[in-house]
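This report concerns one protein chain. Please look over the sequence and the structure before reading on.

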Amino acid sequence: MNHSRKPAVCRPIIIGMNKPQVEEFLTPLRSCRLCPRRCGVDRTAGQTGFCRAGALPRVALASLHHWEEPCISGTRGSGTVFFSRCNLACVFCQNRSISQQDRGADIPVDRLAAIFLEQQQRGAHNLNLVTPTPYVPQIIAALALARDSGFHLPVVYNTAAYDSLETIEALRGWVDIYLPDLKYCDETLAVRYSRAPGYFSHAIRSISAMIQQVGDCVFDEEGLLRQGIIIRHLALPGQAEDSRRILRAIRENFGPDIWFSLMNQYTPQPGMGDYQELERPLSAAEYDGLIDFALSLGLENGFIQEGGTASESFIPFFNLDGVIPGGNPP
Ligand code: SF4
């Protein structure tokens, strides 16, 4: 008798999909090049690369989020789905319990599709995929399943912009709104703070592809974003010069009408060790100076954050709510 055993990780992710669909979605995971690290690992065989993501999507929280830009959060909230693990390694990450300590639950794709539908049933204005890059094939498969069951919300791809061009192209027709965070211009900072070589050039290329794909921002009659892109930048303490370079790059690469979001919500994390320059919040003077600089460049389609927003209260509690029905922290 000829016994053949498929890798155990494959079985739970094929529910609801026929064989060609399964093959199509597994293929990018067999030699992973979803991001510029291009690890080449076979995630369907249990191998992992820099981000440690496996074949199953790992999710830490599915909730209604009210702290995004007003055109994303609206009145009812954005349907955030927080994915665990990350292809960056930011030393200041406020979500480090899920991005670096891997808190979350592995779920099959059909459960991910159900989560998307549950966000719609909850009244979310959109589906907001947070740190989705390592799971793009699984997300597309889940969106296909969800759409078959009536899912129709705008899909937001909330990324650090360290995505490969193939990944952005694969998302054509699946994503309506891109929310890329353009973090650094300076290569030394990108490597020191996020271990992300070539970050700026990769991110600019990815963002250009996103703009080419979804075009100008389209708002509905309630002011909610239905399609388009908002480029975010989280200003770091002591790095105003790099932030100015980012703003200049946004203006030069994408013109004065691009929508951007200048964020001051940087929250110092405990135990920064070798990165003591990051152990304080952004000052009001630093932030105001950047706002003035953006205006001086003619960038006027912008969102700013008012008041002191650096607060632990903006960090979600990753307790697996909405991930597994009745789920509890592992
Ligand atoms: S998504 Fe993860 S495994 Fe794939 S190339 Fe990027 S870091 Fe490597």
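The model is predicted.

**The core**

The largest nonpolar core holds 88 residues. Within this core, Val81, Phe82 and Ala142 touch the most other members. Helix α5, residues 136-148, supplies the largest share, with seven residues. In soluble globular proteins, nonpolar side chains tend to be buried together.

What does Val81 contact, leaving aside its neighbours within four places in sequence? Its partners are Val59, Ala62, Ile115, Leu127, Asn128, Leu129 and Val130.

The geometry of the two pairs is set out here.

| Helix pair | Axis approach | Crossing angle |
|---|---|---|
| α1 (residues 19-30) and α5 | within 8 Å | roughly 170 degrees |
| α9 (residues 240-254) and α10 (residues 284-296) | within 10 Å | roughly 25 degrees |

Take α1 and α5. Their axes cross at roughly 170 degrees. An angle over 145 degrees counts as roughly antiparallel, and α1 and α5 are therefore roughly antiparallel to each other. The crossing of α1 past α5 is left-handed. On the α1 side, the contact uses Phe25, Pro28 and Leu29. On the α5 side, Pro137, Ile140 and Ala141 meet them. By class, this contact of α1 with α5 has six nonpolar residues, no polar and no charged. Helix α5 is also the element with the largest share of the core.

Now α9 and α10. Their axes cross at roughly 25 degrees. Angles under 35 degrees count as roughly parallel, so α9 and α10 are roughly parallel to each other. Here α9 passes α10 in a right-handed crossing. From α9, the contact draws on Ala240, Ser243, Arg244 and Leu247. From α10, Glu286, Gly289, Leu290, Phe293 and Ala294 take part. Which classes make up the contact of α9 with α10? It has five nonpolar, two polar and two charged residues.

**A loop residue**

Thr75 sits in the loop between α2 (70-73) and β2 (78-83). Is Thr75 buried or exposed? Thr75 counts as exposed, because it has 10 C-beta neighbours inside 10 Å. The cut-off for an exposed residue is 12 or fewer. Thr75 and Glu306 are 231 residues apart along the chain. Their C-alpha atoms are separated by 18 Å.

Terms used. Residues are numbered from 1 along each chain as its sequence is written. This is a predicted model: local features need pLDDT of at least 70, side-chain atom pairs count only at pLDDT 80 or more; totals for chains, interfaces and linings use all residues. A nonpolar core is a set of buried Ala, Val, Leu, Ile, Met, Phe, Trp, Tyr and Cys residues joined through C-beta atoms within 7 Å. A residue is buried if 20 or more other C-beta atoms lie within 10 Å of its own, exposed if 12 or fewer, and partly exposed in between; C-beta atoms are placed from the backbone. Helices (H or I, at least four residues) and strands (E, at least two) are DSSP runs, numbered from the N terminus. Two residues are in contact if their C-beta atoms, placed from the backbone, lie within 7 Å. Axes are lines fitted to C-alpha atoms, for helices over the stretch in contact, and angles run from 0 to 180 degrees between N-to-C directions. Angles under 35 degrees count as roughly parallel, over 145 as roughly antiparallel, 65 to 115 as roughly perpendicular and the rest as oblique. A crossing is left-handed if the near helix is turned anticlockwise from the far one by less than a right angle, and right-handed if clockwise. Ala, Val, Leu, Ile, Met, Phe, Trp, Tyr, Cys and Pro count as nonpolar, Asp, Glu, Lys and Arg as charged, and the others, Gly among them, as polar.
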